[in-house]
Structures are given as structure tokens and as C-alpha cells.
There are 2 protein chains.
Amino acid sequence: MAAAVRVKLAEPGRVVADLTLRKMLGYNIKRAYIVIQADLTRLLEPFGLRLVTFSALSVIVDNPDIQQSQLARTIAIVHPNLVAIVDELETRQLVERRPAPGDRRARVLRATAAGRRLCEQATRQMIRREAAYAASVTADQREVLFDALKAVENSISEER
Amino acid sequence: MAAAVRVKLAEPGRVVADLTLRKMLGYNIKRAYIVIQADLTRLLEPFGLRLVTFSALSVIVDNPDIQQSQLARTIAIVHPNLVAIVDELETRQLVERRPAPGDRRARVLRATAAGRRLCEQATRQMIRREAAYAASVTADQREVLFDALKAVENSISEER
DNA sequence: TATTGTTATACTCTATAACTATA
DNA sequence: TATAGTTATAGAGTATAACAATA
């Protein structure tokens, strides 16, 4: 006669696990994103930058005289939300809005010397922080990680 | 005599790139997370589930009689926010709140038959969708991706 | 008719403070 | 004194609609 199977319930102290979820990329990437995002947000705080303002500044530095609409598309935010971001950077005199030559609707963005300097400092810190993440994986793994993230991102984006 | 270097500006049509940002894990993971998250949210819509309600349901199914506080810690959300999530699942009769034996403060969560069924169906769809992502990377790359994400997540979490 | 920049607005997600009832 | 569940609330982040100016 078979003994009754006793289902193990969740008492305090019992190990509770998200085993099913951990098999899914969506869940793993969310968990990793949350901690990285919090970590980098903290890192940028002394510079008075948020992740989005840093991203915007970085792209402006790399692409002098970029239009706001181009910037919005590049960093994947809807254009109404970019206004406050550029306002913030402009108020701190890190970037300038100038009339776009040849299109009187548009305005082009250019980083000031102070903006370029701040961006450089922040970027240096970010790279250093990233190196700390990389310490937990090999160089090969890091490369695969980057390539796989982009491949997945593109495979989904291209569908719609 | 050297010709004056003409800086290429951002005209409409010019390729604008986030090259500096793309060297950073934080940026790549954010971009990938956004598209995956949107994709999976769409997938769960027909089930009447959001990503977080699906996560909660999945952990409850896997851990019968888990306490709310344990669940909150497991899926990394602060406990006040779990209340509405469990309310939602309970209203739809996917889970039940029961008094916790031995601790009259606590309540334990158990999935109903309907909850288990819905979770199973949703999980099957999620796994199928994940397989589509996996098609853009090799099996080896997928494994490295998962391991690297967890390694990075843990390397940051352990610091604080 | 479409696009650029803008304002206003709403909705989701996440975080904190504070309460109650128990331990 | 600390913990479990709860309520209320506030702050990010993100999305849509609608407008003026211009293409």
C-alpha cells in the first residue's frame, strides 16, 4: 500500500523559489535590469543626471546639431517627453537649443563645453562601473551577453 | 597646409547613433527589456494577466501556502504593492487567501484549480514565445545569456 | 496632409509612511 | 520591539491627444 504523499507547504524558513520564472528570459532580464538601473541611477546622482538625461546628453555630444525628434527616436522615448529632458539639460547649461538651418520648425541641439565635460566624467564612471559587472563574467561571456541582448531586441522590434 | 576639418552635423537623413551608449550593459539591457516587456505584456493580455500578476500567480502555484510577505520578497516587490496584486488574483478566483496556521497575523496563498489551469496555459505561451527569442541566438549563447544576467544581478545585489 | 516642438493630462509602476493586529 | 497585512499617498516613467508653426 502506497504511503500518502504529503505536500510540502510554505512554512516560514522554507525555501521559496521562482524556479519556473527563472527559466524565462523576460523574468531574468527584468530582475537584472532592476538592480542595474538602481545601481547606475545612484552612480549618476552626484552628476545631477538621471539615466535618461545621461542618455540624451551622450547622444547629443556624439551627434552635434541633432534635432530633438531624431534624438527621441534614437533613445526610444516619445517626443513629448523629450521636452522636459532637454529643458533640464538646457537650464543647467549643458546643451543649447538653436534654430535649425533650413527648417524653421525644428531646433538643433548642441552640447556646451560644460556639457561635454560632464558627459565625459559621467561616462568614465559608467565604464568603470560596467567593468565591475564584467568582473562576474568572462570577456567572452560579456560579448555573448551584448550580442544576444541586441539580437533579441532586434528580433522582436522587427516583427512590428 | 592642412585643409580645415569640416565637422559633420546632424542633417535630416544623416545616420544618428547611440554608439557610446551601446558599449554599456545598462543601456543595452534597458533597450532589450523595454521591447521584451512590451511583447510579453501583449502576450498575457488575453489571459487578463499583467507581467507582475503572472509572476505572482506562477510563484503561488509553485509554492502552495506561501505567505504574502514571502511572495513579495521572492518577486522583488515591496509588500504594500502586493496587496492589490493578490486582490486582483483573488477577485478573479485564481488564488485564495487563507488564515496561516500558527500565525494569526499572516495569511497564506493557494492557487485554485482555475488559477493553476490559467497559469499553465499562460506559461505554455510564454515558453513558446521565449523559443522565438531563442531562435535569434544559439543554445550556447542562450545559456551564457541567462548565466551572465544572473551573475551580474547577484554581483550588484550582494554589494549592499 | 505630414512633421516639429510643445502643453496638458492620464495611467502604470514603484516607494514610503503609518496604521492594526499579532508575535 | 519586530513582523504581516493593509491603506493612503507621492513620485517616477511613459503614453496619448491636441495645438501652433512650418514643410
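Me: How many salt bridges are counted between chain A and chain B?

Reply: In this predicted model, the count between the two chains, A and B, is 4 salt bridges. One of the pairs to look at is Arg31(A) with Glu153(B), where the closest N and O atoms are 3.9 Å apart.

Me: Which elements of chain A supply at least two residues each to the side that touches chain B?

Reply: That side draws on α1 (25-44), α2 (51-62), β1 (66-67), α3 (68-74), α5 (113-134) and α6 (139-157) of chain A, and by class it has 35 nonpolar, 15 polar and 19 charged residues.

Me: What area is buried between chain A and chain B?

Reply: The size of an interface is often given as the accessible area lost when the parts come together. Here about 6300 Å² is buried between chain A and chain B, with carbon and sulfur atoms giving 65% of that area, and the contact takes 69 residues from chain A and 68 residues from chain B.

Me: Is Arg22(A) buried or exposed?

Reply: Arg22(A), which is found in the segment before α1 of chain A, counts as buried because its relative accessibility is 17%, and the cut-off for buried is under 20%. The side chain of Arg22(A) makes a polar contact of 3.1 Å with that of Glu153(B); leaving aside neighbours within four places in sequence, Arg22(A) is also in contact with residues including Arg31(A), Phe146(B) and Lys150(B).

Me: Which residues have the most contacts inside the largest nonpolar core?

Reply: They are Leu49(A) and Leu49(B), in a core of 90 residues. Beyond its neighbours within four places in sequence, Leu49(B) is in contact with several residues, among them Phe54(B), Leu89(B) and Leu118(B).

Conventions: Residues are numbered from 1 along each chain as its sequence is written. Chains are lettered from A and ligands numbered from 1 in the order in which they are written. This is a predicted model: local features need pLDDT of at least 70, side-chain atom pairs count only at pLDDT 80 or more; totals for chains, interfaces and linings use all residues. Side-chain values use heavy atoms; hydrogens and water are left out. A nonpolar core is a set of buried Ala, Val, Leu, Ile, Met, Phe, Trp, Tyr and Cys residues joined through side-chain atoms within 4.5 Å. Buried means under 20% relative accessible area, exposed over 50%, partly exposed in between (1.4 Å probe, protein chains only). Contact means heavy atoms within 4.5 Å. Buried area is the accessible area (1.4 Å probe) that two parts lose on being put together, summed over both. A salt bridge is a side-chain nitrogen of Lys or Arg within 4 Å of a carboxyl oxygen of Asp or Glu. Helices (H or I, at least four residues) and strands (E, at least two) are DSSP runs, numbered from the N terminus. Ala, Val, Leu, Ile, Met, Phe, Trp, Tyr, Cys and Pro count as nonpolar, Asp, Glu, Lys and Arg as charged, and the others, Gly among them, as polar. A polar contact is a pair of N or O atoms within 3.5 Å; within protein, one must be able to donate a hydrogen and the other to accept it, and residues adjacent in sequence count only if both atoms are side-chain atoms.
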